[in-house]
Amino acid sequence: MIYNPNKFEIDHIIPQSISFDDSINNKTLCYASMNQVKGQKTPYQFMNEEHGQGFPALKAMVKKNPKLKHKINNYLFDENVEDIETRKRFISRNLVDTRYASRVVLNSLQDFFKNQGSDTKVTVIRGKFTSNMRKHWHLNKTRDTFHHHAIDASVIAVTPFLRIWKKGVTIFPRKIEETAIDIETGEILEEKDFKKDLYDQPYAGFVAELDNAEDRIKFSHQVDKKVNRKVSNATIYSTRQGQLAKDKTDFEYVVGKIKNIYDAVEYAKFKKIFDKDKTKFLLYRVDPKSFAKLEKIMETYPDKVEITDRSDKVKKVSASPFELYRKDNGLVTKYSPKDKGPVIKKLKYLDKKIGSHIDITPETAKNKHVILQSLKPWRTDVYFNHESGKYEIMGLKYSDLKFNSHEGYGIKKDIYNQIKDREGVSNTSEFMFTLYQKDRVKVKRQDSKENVEMLFWSRSTNQKGYAELKPIFKSFNEDGEYPIYGAAKKQILKSLVPQNCKIMKVNTDILGNPFYLEKEGDFPKDLLD
């Protein structure tokens, strides 16, 4: 193939004009001469005409090769592709989205327009179809900013105007039900005609327009201000008091767990913690003789073993010394004079110091402490200190909220003031505005024209005044630095308002037109007496 590439071609296993499937699972390498003979046939049709090795031999080969497990359904497809119902199933699988939620929305909208006497047509396109169009039009997708949503919307908008729909097939189903789709399938086209009709641009210069549309795209982000959200993730953590080598006194730590010391991946996790600070393990603290037994096994047995692969090549792979010990001696047990201690499988260790949390320890618990972590941020209030000339921010979490039967959800004033004091916001500072996740902000230097617009994400819990921001536009320079904030990757975790800068909140209408606010009110909202 390297020296004679023209001898081979990439073929769609089931013709694309039938399947609408341009994925890797519907592609195979074949001889160019064979591909010309196969044409618009499936492997089943082609080999039943006495071409190739014959369908039974193909079937045996495909089933024997585990690397083809994702292609097996296409290779062994033996239904009649001329059958209308068969072709409808391909359309429902690869073109029109027939999942339950999509069916409900589609059928409801169709009924609405029908009752209104409108001839408006509605369809739901699968994401894989738009992905395929982007690929063929060389519209690269990046999630660094939010522009890809606009690109996808543009591709969907022009989809009804593609030339392929003039050949009888349509993307507009008359009705979609759980087990059937009522849609026109059109004629079966030759591959070259199908590709031209499907992938030709809907009008000259469409792709070039999208490539140069970045500065003209406007954004309107949905900001979630609701108060009745979950306060944390659902994971319950136990904690222990402990003093590690780096600590000057006892701290409360979240307890982590090595789930299976015999598993190679879990052992690697254990070894990483062990090498850094073995005093983290509770077994080391409460049963040093048993832990010494583990250390002895680690000294005796390797953490890599040699295996021979299918091509008879010998290679080294990671292993757990405890698993190798188990094969020789049985499961590892805790130390006991008669060597009949309980089996060791899991190991607990002091993981991280607890941060913001909710204590959910039952009153009946003895010598145990359990908490909820990862408290969800609700909003951030921004203040301006006229004495220092600096902005000050304070973060509020859903766990700070209370429900008052007279006033609804909110935060009590005394709790608010406690947080305000803890966050270092002066009592004389002026309230400017409140930021929720996905609120838009504009930051600009006061001694120059340098400015940047970002999406506010949340206040950082690690450093006062810090916040997590995400870029709206690709506004970094050649060195990968953003105006105002400097170097960053996909997100920015820095002081919300750097020195000598000014911040404004940016509200947008539904069309993305911006409105800039320096101050939105005299007092923060949702404070309860």
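1. Both K505 and D439 are buried (buried means under 20% relative accessible area, exposed over 50%, partly exposed in between, with a 1.4 Å probe and protein chains only). The side chains of K505 and D439 meet in a salt bridge, at 3.8 Å from N to O (a salt bridge is a side-chain nitrogen of Lys or Arg within 4 Å of a carboxyl oxygen of Asp or Glu). K505 lies in strand β23 (residues 501-508) and D439 in the loop between β16 (430-435) and β17 (440-445), so the pair ties together parts that are 66 residues apart in sequence.

2. A word on the source. This is a predicted model, in which local features need pLDDT of at least 70 and side-chain atom pairs count only at pLDDT 80 or more, while totals for chains, interfaces and linings use all residues. Residues are numbered from 1 along each chain as its sequence is written, and side-chain values use heavy atoms, leaving out hydrogens and water.

3. The chain's secondary structure comes to 16 helices and 25 strands (DSSP runs numbered from the N terminus: helices are H or I of at least four residues, strands are E of at least two). The radius of gyration of the chain is 32 Å, well over the 24 Å that the globule rule gives for 529 residues, so the chain is more spread out than a compact globule. This radius is taken over C-alpha atoms, and the rule is 2.2 Å times the number of residues to the power 0.38. The C-alpha trace spans about 80 × 75 × 50 Å along its principal axes.

4. Of the 529 residues, 41% count as buried. Among contacts with a separation of 6 or more, residues 24 or more positions apart account for 60% (contact means heavy atoms within 4.5 Å).

5. Side chains of opposite charge can pair when their charged atoms come close. How many salt bridges are there by this rule? The count comes to 23.

6. E323 forms a salt bridge with R326, with the closest N and O atoms 2.7 Å apart. Both residues lie in helix α15 (residues 321-329), three residues apart, about one turn of the helix. E323 is buried, at 19% relative accessible area, whereas R326 is partly exposed, at 31%.

7. K41 and E49 also meet through their side chains in a salt bridge, at 3.9 Å from N to O. K41 is partly exposed, with a relative accessible area of 24%, and E49 counts as partly exposed at 43%.

8. A network of salt bridges links R163, K196, D197 and D200.
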